[in-house]
Amino acid sequence: MTSSKPSQFYGELAKYYDDLNAWKDYRAESERLEEIARSIGRRGRATWLDVACGTGRHLEHLRRKHPVVGVDASREMLRIARRRLPKIRLVVGDMRTFRLDQRFDVVSCLFSAIGHLRTERDLGTTFANFARHLNPGGVAIVEPWLDPTKLRLGSVYLRAYDGPFTKVVRCAFSTRRGNRTVIQYHYLIAEHGRGIRHVKVTDVGLLVSRSRLLELMSSAGLESRFIARGLMPGRGLLIGVKDR
Ligand SMILES: C[S@@+](CC[C@H](N)C(=O)[O-])C[C@H]1O[C@@H](n2cnc3c(N)ncnc32)[C@H](O)[C@@H]1O
């Protein structure tokens, strides 16, 4: 058995990410994101930056109508995104510190990627960085990590992928340590000609109340609100609009 830090979650395990998340309807999610952007006044074509874009599954759909750019901290995730989106600008960068020579009408950060940050200070820095990359009147759309009041501690989860040459089973168990969720993932990976590996990853997520997240967004210069009907059940979306 090998033990990995959270960064390796999107490193050595990146190649199984799309298969294990095949249940996720990125097309419908992208349509919902466009609907939200439209409702805030971003009609028609909008320049769009997806931060922590992972393997580029939202960008794949958004790019059909909008000029898009992606940023992610993981080279391995971006390698997969580049195969999917060979003509799209994809940049390795940390959401707190990346700098692009471009401003956007929409900055999104989805599937609770902000939950990987370790402190509220990092969250504030990240929101300020999103604001920095928005045009006046532009909108940040951020999918938060779990609401601390809605945690179901001790829960277990299972995902599986049954491909012709690769089989992956992922079991997860979630607990809480202070203001963090601690989720233990055990992967069993069977690959044709290679045998079976067991990889254990512990993922730590920062728990921050909704009101505090909105406060941090406002302090970063974004007029913020929460909408309950987001992308995934129970998570909602934080919306932050930059002054015109
Ligand atoms: C759950 S995945 C979401 C990927 C994609 N947004 C999606 O919806 O499939 C989280 C992503 O956040 C990225 N990530 C984690 N910490 C980051 C950071 N500090 N800056 C930029 N990306 C980060 C990971 O590399 C990973 O691709």
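Predicted model: local features only at pLDDT ≥ 70, side-chain atom pairs only at ≥ 80, totals over all residues.
**Figure 1. Helix α6 and its span.** Residues are numbered from 1 along each chain as its sequence is written. Helices (H or I, at least four residues) and strands (E, at least two) are DSSP runs, numbered from the N terminus.

**Figure 2. Buried residues of α6 and what covers them.** Leu123, Thr126, Phe127, Asn129, Phe130 and Ala131 are buried in α6, where a residue is called buried if 20 or more other C-beta atoms lie within 10 Å of its own, exposed if 12 or fewer, and partly exposed in between, with C-beta atoms placed from the backbone. The cover over these buried residues includes the strands β2 (48-51), β5 (104-109), β6 (134-142), β11 (222-227) and β12 (237-242), together with helix α7 (210-219).

**Figure 3. Leu123 within helix α6.** Leu123, which lies in helix α6, counts as buried because 24 other C-beta atoms are within 10 Å. Not counting residues up to four places away in sequence, Leu123 touches Ile114, Leu117, Val208 and Leu216, contact here meaning that the C-beta atoms of two residues, placed from the backbone, lie within 7 Å. The C-alpha atoms of Leu123 and Cys171, which are 48 residues apart along the chain, are separated by 29 Å.

**Figure 4. The packing of α6 and α7.** The two helices α6 and α7 pack at an angle of about 45 degrees, with their axes 8 Å apart; axes are lines fitted to C-alpha atoms, for helices over the stretch in contact, and angles run from 0 to 180 degrees between N-to-C directions. The pair α6 and α7 is therefore oblique, since angles under 35 degrees count as roughly parallel, over 145 as roughly antiparallel, 65 to 115 as roughly perpendicular and the rest as oblique. On the α6 side Glu120, Leu123, Gly124 and Phe127 take part, and they meet Leu216, Met217 and Ser219 in α7. By class, this contact of α6 with α7 has four nonpolar, two polar and one charged residues, where Ala, Val, Leu, Ile, Met, Phe, Trp, Tyr, Cys and Pro count as nonpolar, Asp, Glu, Lys and Arg as charged, and the others, Gly among them, as polar.

Figure 5. Most residues other than glycine have a negative phi. Ala52, in the loop between β2 and α4 (57-62), has a positive phi near 60 degrees, and Ala52 is buried, with 25 other C-beta atoms within 10 Å. Ser112, in the loop between β5 and α6, likewise has a positive phi, of about 60 degrees, although it is not a glycine; Ser112 counts as partly exposed, with 17 C-beta neighbours inside 10 Å.

Figure 6. Leu13, placed in the loop between α1 (6-9) and α2 (17-20), is buried, with 20 other C-beta atoms within 10 Å. The C-alpha atoms of Leu13 and Ile189 are separated by 9.8 Å, although these residues are 176 residues apart along the chain. Leu20, in helix α2, counts as partly exposed, with 16 C-beta neighbours inside 10 Å. Leaving aside neighbours within four places in sequence, Leu20 is in contact with Arg159, Tyr161, Val168 and Arg170.
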